Every structure is written in structure tokens, then in C-alpha cells.
Amino acid sequence: MAIPRALTTAMLLLAAAVSGAWAASPSCAELLILAAAKKNVAQRFGNAPESGGRCAYGVRTSLELSRVGGVDAGLGNAIDYLDSLPPHGFVDSGVRDPNAAVPGSVIVFSGPYSARYLATGHYGIPAGDWLGHVTIKGDDGYYYTDGRTAEPALGWENGRDVEKTRVVSAVFTPDPALTAAFAHSCPAPTAGAAAIAVESPARAAGHRLAWSTARGLGEVLALPSSDASRARRFAALLEDARRAIPYDQEGALAQLVARALAVDADLRSAYDAFLRSRPASDCLTRALASAVSRAQCLQGAGQDDGASCPAPPAAGSCGAR
């Protein structure tokens, strides 16, 4: 009688734990995933310094390129990986600290409303609050998703979960059977392993401004349309959004502005007036307009969507560091 794969995996895990064979260093399977992620993120996303809200697409295409697990179709949104990745031979390692995750592992984060999304299938804006985030741990101080990010997720700063808005739900690694299948397929080693990323003070300040501005935009959108202060408060936040747009993790700022323009003509008028008030040559204003246009194009799409929409601002644009 054939032993079910789930039971086989459990037996192998137990054997590995008893023998000490479950190594902390990356296996060939994990190194293949990481090599594919580095190539995919460089070629497909230009090593953008922030996730643009297509994390599930980025990680899924990296896994496809690696061939580890036989992924050949969408795995859903980030939080859906909790159910969609194990059938491909991945197991939750039990690690809950991205800093301790093995390079090449797939880290899944939940957002504050992820349980609601899993129960209903519906989500709001910014999408990551419902759909979570997913990324691949690097060996060079970076995380590989739909960008090459120094922080694992929104709300994290210098490797710490400062805002408690993206919580690690699983750190997936290939199970022993999948690891054994690729044991003799290690990619060629690359330089720069085991580096530690230290976020620059300017980038940390940019992330804090982006986070606080997104929170303010969320508060404005929650006001009734009859509130006379709504358009005024929205207009006041646009200058902060302009300055913070190079640090817009998960595209949350752009999504919130795009949502405001879609639901309220007064807010749309305030946005148009703001753009007209800035010089045509202003890099940050152009970056904001580009990011919002992209978010408008992608509205209603999940995180695993490769739709043809305007490219986000180039990495390092407008002097962001």
C-alpha cells in the first residue's frame, strides 16, 4: 500500500530531526531557488528597491525559473501560499524570524485583515493588509520578491518588526524528499554571501514617512464624503506622498491615492490641482503620478498579476537612497 506524501514527509522530517541532518545552511534546492530569484528580480523588476504590490507574481515566477517544486502556474496571493505551496513539496520550517531564515526559503507574511480575506475571498486597499506579503530570503542582506528589498516587509526597519503590520506566518523550505531530489544540482557559488543589510538613515526615514502618510490616507478615506475637511486633508497629505513615493513599500501609498481618485470627484480635483502646482520637471511629482497611474491600471488585480501596466519609477530615481 502506498504511503501518502504527507505521511512520508512527516516521517522524513522526524528522521532528519533525530539524526541532526536538517542543516541550517541552504541545501542545493534552496540555492537553486535563490539563484533563480536573483536572476528573475534583476531581469523582470530591475532590482527595484521596494515591492510594488506584485509580490506573489515575483516569487511565483522565481520558483518557476528554479524548477524546484514543479511550480508552473499561479499560487494565489501571498497569504494563499500557506495552502498552495505545501503540495509542491514545501514545508513550514517553524522559523518566525526572517533574520534566522535559511537563504532560499520562502517567507509568508500576514496582514491585519488576512483572516478576513481567507474567510471571504474579498480584500480592500492597501491590498497587503488583506493579502499579506511573500518574499525569498537572500544570502546577501536582501529579500527577493517583485523587487530586491533591504527589509523583509512593510513595517520592518533594520530587520525588526517595528509596526507589527506584517507578521511572519510561515517560512517554507523544501521538504526532505524535495531536498534529496536536487541534492546533486547545486548552482555555481556566487560572491557576496552572508552580507548583512543595514538600512540607511535616509531610507529608514523614507519608510517611516511612507507608513505615516499611508495611515493618514486611510483615515481620510474612512471619512464620510460629506465631511468638509476630507478634500483639504487629502490635499495636505499629497506633499508627503510625493516625498515618500520612492520608499513606497508594496505600492501601498499609490494604491491608496488611486483608490481616493476612484471614489471621490473632489479628491480627484485636489490631486489634479496638486500635480498642476508642481513644476513639470519635478522628479518626485512625476514619480508619484507614474506610481498612481500604475496602481489605477492594476486596481482589482491580485498580487500574482503580470498585466501590462506602466512601469514603476526606476530604482534609485529622484536621488532616493
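The structure is a predicted model, in which local features need pLDDT of at least 70 and side-chain atom pairs count only at pLDDT 80 or more, whereas totals for chains, interfaces and linings use all residues. Residues are numbered from 1 along each chain as its sequence is written, and side-chain values use heavy atoms, with hydrogens and water left out.

The protein chain contains twelve helices and eight strands, assigned as DSSP runs (helices H or I, at least four residues; strands E, at least two) and numbered from the N terminus. Of its 321 residues, 50% are buried, that is, under 20% relative accessible area with a 1.4 Å probe and protein chains only, while exposed means over 50% and partly exposed lies in between.

Two residues other than glycine have positive phi values. R67, with phi near 70°, is located in the loop between α3 (55-66) and α4 (81-84); at 67% relative accessibility, R67 is therefore classed as exposed. N158 has a phi of about 50° and is placed in the loop between β6 (156-157) and β7 (160-161). Its relative accessibility is 40%, so N158 counts as partly exposed.

A cis peptide bond, with omega near -5°, links I125 to P126. P126 belongs to the loop between α5 (114-120) and α6 (128-131).
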